[in-house]
Amino acid sequence: MERTRLSTKGRIILPKGIRVSRAWIPGTEFIVEETGDGILLRPAPRFLESDLKEVARCLRSERKPKTHSEIRASIDREVMRRHDRGRY
């Protein structure tokens, strides 16, 4: 068991062994809950919970889809642009 103390600014330093074993890096956000025995410190989820419909909604596009010939022409232009710059 390791000990730490509360600073005058209200900060607690977590021991390095704990930070390394849990892969907690600077900037990691935590949820702090008060329990009957003390406090519980858990890393906050990185992303908000969402369902498939919400995710799929943001993938839709209002634009008209490109045709095969438009896609091919765009690829050919990019290849030529890179070739002219000496990349190929």
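**Close-up views of the predicted model**

**Figure 1. The second largest pocket has a volume of about 200 Å³.** The model is predicted: local features need pLDDT of at least 70, side-chain atom pairs count only at pLDDT 80 or more, and totals for chains, interfaces and linings use all residues. Residues are numbered from 1 along each chain as its sequence is written, and side-chain values use heavy atoms, with hydrogens and water left out. Arg22, Ala23, Trp24, Ile25, Thr28, Glu29, Pro43, Ala44, Pro45 and Arg46 line this second largest pocket. Its lining is made up of six nonpolar residues, one polar and three charged. (A pocket is an open set of points, on a 1 Å grid over the protein atoms alone, where a 1.4 Å probe fits, with protein on both sides within 12 Å along at least five of seven lines; lining residues have an atom within 4 Å of a point. Points are joined across faces, edges and corners, and the volume is the space filled by probe spheres set on them.)

**Figure 2. The largest pocket holds about 380 Å³ of space.** The residues that line the largest pocket are Gly10, Arg11, Ile12, Ile13, Leu14, Arg19, Trp24, Ile25, Thr28, Phe30, Ile39 and Leu41. Eight of them are nonpolar, two are polar and two are charged. (Ala, Val, Leu, Ile, Met, Phe, Trp, Tyr, Cys and Pro count as nonpolar, Asp, Glu, Lys and Arg as charged, and the others, Gly among them, as polar.)

**Figure 3. Strands S1 (residues 30-34) and S2 (residues 39-43) run antiparallel and are joined by five bridges.** Strands are DSSP runs of E with at least two residues, and helices are runs of H or I with at least four, both numbered from the N terminus; two strands pair if DSSP finds at least two bridges between them. Ile31 faces Arg42 of S2, and Glu33 stands opposite Leu40 of S2. Four residues lie between the strands of this hairpin, in which Gly38 has a positive phi near 160°. Glu34, in strand S1, counts as exposed because its relative accessibility is 74%.

**Figure 4. Leu41 belongs to strand S2.** Its relative accessibility is 33%, so Leu41 counts as partly exposed. Leaving aside residues up to four places away in sequence, Leu41 touches Leu14, Phe30, Ile31 and Val32, where contact means heavy atoms within 4.5 Å.

**Figure 5. Ala23 sits in the loop between helix H1 (16-22) and S1.** Ala23 is not a glycine, yet has a positive phi of about 60°. Most residues other than glycine have a negative phi. Ala23 counts as exposed because its relative accessibility is 57%.

**Figure 6. Helix H3 covers residues 68-84.** Its 17 residues, at 1.5 Å a residue, should span 24 Å, and the end C-alpha atoms are 24 Å apart, which agrees. The expected span is 1.5 Å times one less than the number of residues. Gly86 follows H3 and has a positive phi, near 85°.

How values were computed:
Buried means under 20% relative accessible area, exposed over 50%, partly exposed in between (1.4 Å probe, protein chains only).
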